[in-house]
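Please look through the sequence and the model below before reading on.

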Amino acid sequence: MGFRKDFLWGGASAAHQFEGAWDVDGKGVSIADVMTAGDNVTHTPRRITDGVLEGEDYPNHVGIDFFHTYKEDIALFAEMGMKSFRTSIAWTRIFPNADDAEPNEAGLQFYDDLFDECHKYHIEPIVTLSHFEMPYHLAKEYGGFMNRKAIDFFVKFATACFKRYKDKVKYWMTFNEINNQADYIPHHLAQEGAILPKEGDDLEYMMYQSAHYELVASALAVKAAHEINPDMLVACMIGMNPVYPATCKPEDNMQAMMTMNFKYWFADVHVRGKYPSWLLKLFERRGWNMDITEEDNKALLAGTVDYIAFSYYMSFATEAKAENPHYEYRPGKDFVRNEYLKASDWGWQIDGLGLRFCLNWFNDRFGLPMLIVENGFGAYDKVEADGSIHDDYRIEYLKAHIEAMKGAVEDEGVDLLGYQMWAPIDIVSASTGEYDKRYGLIYVDMNNAGEGTWARSKKKSFYWYKKVIETNGEDLANE
Ligand code: BGP
């Protein structure tokens with residue numbers, strides 16, 4: 001019973017959200033480097049600027065300066081007992097413009113040093129190749145993944161990483177939350193596909209076409225990895241937030257099922273190497289002339305993934321509407337509030353059991369090993385006069401989710417490799433660009449207003465998670 005002995009307990013982050021050092025040692029400008037700071041209190045969204053502009057506030061330029069503090073921070077992860085640490089390789093540290101002839105040695109060396117530091121403490125590095133940080137040059141000069149050339153640039157980048165770290169990194173992921181763009185909002189198209197849409201563009205079509213090129217790029221990367229070192233395991237990475245029917249009306253149930261299809265078909269292609277029939281029908285219905293070649297289809301089949309990595313934060317509920325006879329997913333139109341769930345200050349509905357649902361959904365559909373690579377609670381933290389931080393809400397969130405995954409392992413027998421909470425240390429929020437939306441077990445003294453010393457301190461959840469890891473998930477009590 002319980003989790004496997006070598007269960008990969010750990011924490012996850014992404015280069016652009018914590019490394020900072022945005023222009024150090026030859027690093028190029030990424031999409032994240034042209035995204036401004038937002039704010040939940042004033043409802044200020046992030047903006048994407050036309051290059052790096054004077055006078056704008058770009059929080060990812062600084063992150064939490066992990067680029068310079070990684071040794072101290074990893075020592076804290078080790079103290080917590082972390083067995084694994086997920087991060088990404090910033091594409092622009094390796095190929096600053098995407099189309100460079102040779103990789104940047106200083107960038108490659110940084111990750112060598114970082115992975116060595118992890119291994120020093122027997123922490124397994126788990127690596128995402130592309131986590132919302134595509135080269136800005138790729139977006140601006142090539143149109144990002146709307147251009148077939150992006151496939152070659154990505155495969156070149158992936159291959160350089162596989163070759164360099166083949167003896168240091170075993171677990172890989174290609175594109176972080178590749179399915180986030182199913183909503184085809186400009187923010188996600190930029191983060192996922194380096195696409196900067198213009199007024200009047202058909203965003204829905206662009207999403208499907210560029211996602212196709214990304215899926216081919218991912219499949220070619222999987223194949224390359226296996227050729228370089230057959231022991232390396234490469235996953236897709238899906239942002240999984242299940243969609244429930246609002247009622248037991250058959251139409252609502254049908255709507256929920258199709259919405260799951262529309263949001264998670266990316267996993268079907270990654271795992272099965274081919275498109276689901278309903279999606280080919282959608283292409284037909286839209287009358288799109290998709291650029292999907294025979295060679296692409298072969299590549300998809302030859303590069304299916306080894307395991308499924310996914311993030312989980314919340315669940316949604318949806319209802320059917322008569323005006324939507326094909327039960328399509330229409331972003332922003334058919335979701336309803338789930339009255340059984342509470343939500344975070346950012347409106348994310350908290351649903352521990354939903355994680356068990358996801359594990360079973362993936363397991364039944366694909367039967368592959370799984371790795372939970374993100375799960376956590378973004379909240380405002382309060383520092384007491386004595387410096388302590390009592391983040392019981394975060395402990396409660398993590399506890400409920402770990403209990404749910406335990407259920408899926410013990411009762412349903414899902415093959416779960418590990419759990420990486422998001423994030424072991426406070427970092428910049430990806431959606432809002434805030435410091436105040438905190439996920440960490442380690443506090444970083446910096447706020448939205450730019451005030452703070454950058455000092456690190458341990459929250460109550462730090463000690464709690466240490467005990468959880470020590471007992472391999474047996475003792476989850478919050479004392
Ligand atoms: C996921 C992303 C992460 C991370 C997390 C929390 O979608 O993969 O990069 O940031 O969500 O989201 P946020 O930072 O917006 O609160």
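Helices (H or I, at least four residues) and strands (E, at least two) are DSSP runs, numbered from the N terminus. This is a predicted model, in which local features need pLDDT of at least 70 and side-chain atom pairs count only at pLDDT 80 or more, while totals for chains, interfaces and linings use all residues. Residues are numbered from 1 along each chain as its sequence is written, and side-chain values use heavy atoms, with hydrogens and water left out.

**Backbone features in loops**

- A423 sits in the loop between β11 (416-422) and β12 (442-444), and the peptide bond that leads from W422 to A423 is cis, with omega near -15°.
- F132 belongs to the loop between β3 (124-130) and α5 (136-142), and although F132 is not a glycine, it has a positive phi of about 60°.

- Two packed helices are described by the angle between their axes and the distance between the axes; here axes are lines fitted to C-alpha atoms, for helices over the stretch in contact, and angles run from 0 to 180 degrees between N-to-C directions.
- Helix α9 (residues 250-272) packs with helix α10 (residues 277-286) at an angle of about 85°, and their axes are 10 Å apart.
- That angle makes α9 roughly perpendicular to α10, because angles of 65 to 115 degrees count as roughly perpendicular, under 35 as roughly parallel, over 145 as roughly antiparallel and the rest as oblique.
- In this contact (heavy atoms within 4.5 Å), M258, N261, F262 and W265 of α9 meet W278, L279 and L282 of α10.
- Helix α8 (residues 203-228) packs with α9 at an angle of about 30°, with the axes 10 Å apart, which makes α8 roughly parallel to α9.
- On the α8 side M207, Y208, A211, L215 and S218 take part, and they meet F262, W265, F266, V269 and H270 in α9.

**Helices α12 and α13**

- Helix α12 (residues 352-366) and helix α13 (residues 392-410) have axes that come within 7 Å and cross at roughly 30°.
- From α12 the contact involves G352, L353, L355, R356, L359 and N360, and from α13 it involves A400, H401, A404, M405, G407 and A408.
- Sorted by class, this contact of α12 with α13 has seven nonpolar, four polar and one charged residues, where Ala, Val, Leu, Ile, Met, Phe, Trp, Tyr, Cys and Pro count as nonpolar, Asp, Glu, Lys and Arg as charged, and the others, Gly among them, as polar.

**Around the ligand**

- A polar side-chain atom of S431 lies 2.5 Å from an oxygen atom of the ligand, and a backbone N or O atom of A430 lies 2.8 Å from an oxygen atom of the ligand.
- In the side chain of N176, an N or O atom is 2.9 Å from an oxygen atom of the ligand.

Methods
Polar contact = N/O pair within 3.5 Å; in protein donor to acceptor, adjacent residues only side chain to side chain.
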